[in-house]
Amino acid sequence: MADSAVAGELRSLVEFARALRDEGLPAGTGATAEFCRAAALLGPADLYWAGRATLVGRREEIEIYDRVFRSFFGASQPMPAPRKPERARLVTAGLDSDGPEGETGETSTPAVALASRVELLRRKSFDRCTPDELAEIARLAAGFARSLPRRRSRRRRTSAAGPLDLPRTLRRSLRTGGEPFDRRYRARRPAPRRLVLLVDVSGSMATHSQALLVLAHALLRLQPQTEVLCFGTRLTSATRALAVSSPDEALRRAASEVVDWEGGTRIGEAVKEFLDGGGHRGSARGAVVVICSDGLDVGDPQLLGAQMERLSRLAYRVVWLNPLKQDPAYEPLARGMEAALPYVDVFASGHNLASLEAVALELSAAAGSPASR
C-alpha cells in the first residue's frame, strides 16, 4: 500500500513537470529527476521550493511556474507567503559589549551578516590566490557562464508565446470538437554564444594568466564551444590542452604547448593570426571575444588598431580585460592599449571573479537593448 502511495506521488510530480513543459519551461528529464529527489529530501511542506530550485532557470519563468503550480496542486499545496527582507548590518568578530545591550540591560540579538568565504573569494585578486583558492573560484564560475549573452538558435521548443504550433494545436482541437481553444506555440530555443578567450601569457601577465587559464578550464567544461588561445610573441591554441577533467593536468599540458610563456607581447600579430586562421571563417563571427592582456605591446600599434577594427566587425562583442585597471589611477596610455580601445565594447579589469560577473551582466544587459548589434 505504501509503495502504491509513493508511486502515485512520484507520478504526480512527473505530471507537474510535464505541465511546466507544456507551458514552455525547459523541464527536461534530468531536471525532473532532480525535482523528485529534492521533493523526497525536503518533504511536502517545501514542495514549492523544491520545484523552484530545480525546474526554474530564469527569472522570467517564475511567473509561469507559480501559475502552473497554483493550478496543478490547488489548495493541497499552498503558495508560500512572500518574505519581507530583513535589514542586516555588518559587524566585526570582536564586537564590544558596549551598545544597546549595555544601555538597556536587556539581551538583544543583532542581525549579523559576516562576510562569507565565497564573497571574499569573489573579490580577491587572482594574482593573490593560492592554487586551492583558484580551484574554489573555478567552481563558482558557473554563475559567470550562465550570465553570458545568448542567441536564438534554429531549434524551436514549446513556449508560452510566439509562432503558433499548428500540428499540436490541431491535435488538441480534436478534444474540443475541432475548435482550437487550446492553442500551442513554439519559439526559437536560446543557446549560449560562442566564447573566445585570447590570454596574454607574457612575463608581465604570468601570474594573472595562470589564474585565467584555471577559469578557462572551468568554462570549457561548462560550455564546450568555448575556444581558448594563448599568445605572447606567437599564437597557440590551448583548447585541446584544457579539455581534460583535472585542472592541474590541464595547466601542465597548456604550459608544455605554449612555447613563449613569460616572453614578450605582440598583440596585433596574435589577433591577425587568429583572424587569418579560423577566426574569420567562423569562430569569431557572432562570438564574445575576450582579450586578457595588460596592453604592454612591443609590436606595431597601427597593426593592432587595424586588426581590432577587423575583429569588431566580426564579433558580437569585444571585451578587453586589463588587470592594471583595478588601480583607480590607471590610464590607458600604452600605445597598444590606446590603439585598441576604440574597437572595444567592454573595458574592465577582470582581476577577480566579481569583476568578471559584472562584465557578464553588462554584456547581458546590452544584449537586450535596442542598440545591440
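A salt bridge is a side-chain nitrogen of Lys or Arg within 4 Å of a carboxyl oxygen of Asp or Glu. By this rule the structure contains 8 salt bridges. The structure is a predicted model, in which local features need pLDDT of at least 70 and side-chain atom pairs count only at pLDDT 80 or more, while totals for chains, interfaces and linings use all residues. Residues are numbered from 1 along each chain as its sequence is written, and side-chain values use heavy atoms, with hydrogens and water left out.

**First stop: Arg67 and Glu23**

Select Arg67 and Glu23, whose side chains form a salt bridge with an N to O distance of 3.6 Å. This pair links distant parts of the chain, 44 residues apart: Arg67 belongs to helix 4 (residues 62-73), and Glu23 to the loop between helix 1 (2-22) and helix 2 (29-42). Helices (H or I, at least four residues) and strands (E, at least two) are DSSP runs, numbered from the N terminus. Arg67 is partly exposed at 41% relative accessible area, and Glu23 is partly exposed at 23%. Buried means under 20% relative accessible area, exposed over 50%, and partly exposed in between (1.4 Å probe, protein chains only).

**Second stop: helix 12**

Next, select Arg252 and Glu249, which meet in a salt bridge at 2.6 Å, N to O. Because they are 3 residues apart in helix 12 (residues 247-257), about one helical turn separates Arg252 and Glu249. Glu249 is partly exposed, at 31%.

Now select Arg310 and Asp276, joined by a salt bridge of 3.0 Å, N to O. Here too the pair links distant parts of the chain, with Arg310 in helix 14 (residues 301-314) and Asp276 in helix 13 (residues 267-283), 34 residues apart. Arg310 has a relative accessibility of 21%, and Asp276 one of 42%; Arg310 counts as partly exposed, as does Asp276.

Select Leu324 in the loop between strand 7 (317-321) and helix 15 (335-340). Leu324 is partly exposed, at 36%. Leaving aside residues up to four places away in sequence, Leu324 touches Asp294 and Tyr330, where contact means heavy atoms within 4.5 Å. The C-alpha atoms of Leu324 and His351 are 8.4 Å apart, although these residues are separated by 27 residues along the chain.

**Last stop: Leu164**

Finally, select Leu164 in strand 1 (residues 150-164). Leu164 is partly exposed, at 44% relative accessibility.
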